[in-house]
Amino acid sequence: RHTGLVEAQEALKNIQSTCIDPDASEVASALRQLTTQQDSFTVQQEVDTQAVVKAMIWCQKARRDSIRANGGFSALEMQDMQQKFDKWDRDSSGDINDGELAPLLQDCFPDISWNVGKRSMI
């Protein structure tokens with residue numbers, strides 16, 4: 001018999017599987033949606049199935065929005081790329097000039113940049 005409740009641990013697993021970065025703020029935001037449906041939230045209890053579904057839908061929307069905003073890259077990948085860009089943008093112009101481009105590409109694509117046969121890919 002279905003009670004309309006799901007174990008909180010299972011709810012967390014399902015929410016994490018739909019979020020972009022399971023350890024990121026998306027899970028926390030989704031969990032806040034669960035807690036708005038209930039007085040408190042602990043992993044030992046059961047939670048309302050509809051609240052879990054709403055949280056998962058929220059995560060899916062956040063994932064779609066992030067993919068659209070970041071060209072398909074996750075927030076962590078974007079952060080890593082921004083750090084590499086900042087490292088090689090030596091004059092802090094916000095642009096990569098000819099002298100900065102080769103080291104940036106070597107940093108981003110080390111396997112390709114040092115392989116003569118694949119170098120044309122970058």
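Modeller: The protein has 6 helices and 2 strands, where helices (H or I, at least four residues) and strands (E, at least two) are DSSP runs numbered from the N terminus. Along the sequence these elements follow the pattern β-α-α-β-α-α-α-α. This is a predicted model, in which local features need pLDDT of at least 70 and side-chain atom pairs count only at pLDDT 80 or more, while totals for chains, interfaces and linings use all residues. Residues are numbered from 1 along each chain as its sequence is written, and side-chain values use heavy atoms, with hydrogens and water left out.

Colleague: What share of the residues counts as buried?

Modeller: Of the 122 residues, 27% count as buried. Buried means under 20% relative accessible area, exposed means over 50%, and partly exposed lies in between (1.4 Å probe, protein chains only).

Colleague: How do you know that the length of helix H3 agrees with its number of residues?

Modeller: The expected span of a helix is 1.5 Å times one less than its number of residues. Helix H3 (residues 49-70) has 22 residues and should therefore span 32 Å; its end C-alpha atoms are 31 Å apart, which agrees.

Colleague: Which residues of H3 are buried, and why are they said to line one face?

Modeller: The buried residues in H3 are Ala 51, Val 52, Ala 55, Cys 59, Ala 62 and Ser 66. Seen down the axis, the buried residues of H3 fall within an arc of 100°, so they line one face of the helix. The arc is that of the directions from the helix axis to the C-beta atoms. Gln 50 and Arg 68, on the other side of H3, are exposed. After H3 comes Gly 71, with a positive phi near 60°.

Colleague: What makes the buried residues of helix H1 belong to one side?

Modeller: In helix H1 (residues 8-18), the buried residues are Ala 8, Ala 11, Leu 12, Ile 15 and Thr 18. They cover an arc of only 130° around the axis, which puts them on the same side of H1. On the other side of H1, Lys 13 and Ser 17 are exposed.

Colleague: Why is the pair Asp 65 and Lys 61 called a salt bridge?

Modeller: A salt bridge is a side-chain nitrogen of Lys or Arg within 4 Å of a carboxyl oxygen of Asp or Glu. For Asp 65 and Lys 61 the N to O distance is 2.8 Å, so the pair qualifies. Both residues lie in H3, 4 residues apart, about one turn of the helix. Asp 65 also forms a salt bridge with Arg 68, at 3.9 Å between the closest N and O atoms. The structure holds 4 salt bridges.

Colleague: Why is Asp 80 called partly exposed?

Modeller: The relative accessibility of Asp 80 is 37%, so Asp 80 counts as partly exposed. Asp 80 is in helix H4 (residues 75-88). The side chains of Asp 80 and Lys 84 meet in a salt bridge, 3.7 Å from N to O. Asp 80 and Cys 108 are 28 residues apart in sequence, and their C-alpha atoms are 9.6 Å apart in space.
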